Amino acid sequence: MKEGANGSLVVCFGEMLIDFVPTVGGVSLAEASTFKKAPGGAPANVAVGISKLGGSSAFIGKVHLDMVLGHGSNFNFCGIFSQLGDDDFGYMLSDILKQNNVDNSGVRFDSTARTSLAFITLRADGEREFLFFRHPSADMLLQESELDINLLEQARIFHYGSISLISEPCRSSHIAAMRIAKKSGSILSYDPNLRLALWPSAEAAREGIMSIWEQADVIKISEEEITFLTGCDDHTDDKVVLDKLFHPNLKLLIVTEGSEGCRYYTKEFKGRVPGVKVKPVDTTGAGDAFVGGMLSNLAFNLNLFEDEKLLREALLFANACGAVTVTERGAIPALPTKEAVLKLLGKVSPGWKADT
């Protein structure tokens, strides 16, 4: 168990990018005419989420180095591409980590590849739509030699996704980072965060995601990912989840159900925690906020694995983190403080204690 000042440090590994979100809701990407840029990328979102909740976090990844400073924060659809070379996105992202008290000493810069871009919208039918630009992007080019080994060795929890497994050299760097963290006694936390459009094929995505499955101590997946990974249509079937996705080394498997809450599975118990109802504006980053809420609790108390009452409290807190996030646009800008989460919980669960 890690001790000292950074004894609860969560190190997040992977992509950090620029999300472009329409300035009006309920439209498709083709219908949107103006976008607001916001920092994002699932592992970076989790790192900021933990820090904003009062925890200790760090980020390891790679972004673009450009020597020309940027312009404004709003872009029209046609103008975005003409301005990419003029925006110092890489430094902006690194600075955003620092501004949010995330240790950015593990961030590396690349002058040959651009920072990833993602266009995201919540259509009128409630479905999210994604369009990515990353061929290749800087995050795909992180070398094993660029890993901050000291940072990895300090991690109480090492958190990652699957996008960093798609191509070399980042895939090898990802696996090496897992190995270093595990050898140092870290808990390995995995959120596959399936983005099928980024993989060469569905089969490549399935194989890539499952290639590191059995090394994780904690896994968070969505209902859609259960269907994709198992081939079974009934994502609510506990037997499917336990037989096909729960492995002998796993301490905790969480299935998120959007606004309905989440299910949890350990070797000793399983159950469900209801969601916290709010009026959604933008669901971008909700899952990452959930993970941040969960890991911020776990980093301080590994007994969550054995104590179902404490686990349920942590998951309710995580559900509330996701709920607060969907009430604002963007990922990182919408991530909540602990005070905001406790305020929401106080409204929906009057018995909730702020010191939980």
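With which side chain does the side chain of His 159 make a polar contact? In this predicted model, local features need pLDDT of at least 70 and side-chain atom pairs count only at pLDDT 80 or more, whereas totals for chains, interfaces and linings use all residues. Residues are numbered from 1 along each chain as its sequence is written, and side-chain values use heavy atoms, without hydrogens and water.

The partner of His 159 is the side chain of Ser 189, at 2.8 Å. A polar contact is a pair of N or O atoms within 3.5 Å; within protein, one must be able to donate a hydrogen and the other to accept it, and residues adjacent in sequence count only if both atoms are side-chain atoms. His 159 belongs to strand β9 (residues 157-160); strands are DSSP runs of E of at least two residues, and helices are runs of H or I of at least four, numbered from the N terminus. His 159 counts as buried because its relative accessibility is 3%; buried means under 20% relative accessible area, exposed over 50%, and partly exposed in between (1.4 Å probe, protein chains only).

Thr 112, in contrast, counts as exposed, at 68% relative accessibility. Thr 112 lies in the loop between β6 (103-110) and β7 (117-122), and its side chain is joined to that of Asp 110 by a polar contact of 2.5 Å.

The largest nonpolar core comprises 61 residues; such a core is a set of buried Ala, Val, Leu, Ile, Met, Phe, Trp, Tyr and Cys residues joined through side-chain atoms within 4.5 Å. Helix α10 (residues 308-325) supplies the largest share of this core, 10 residues.
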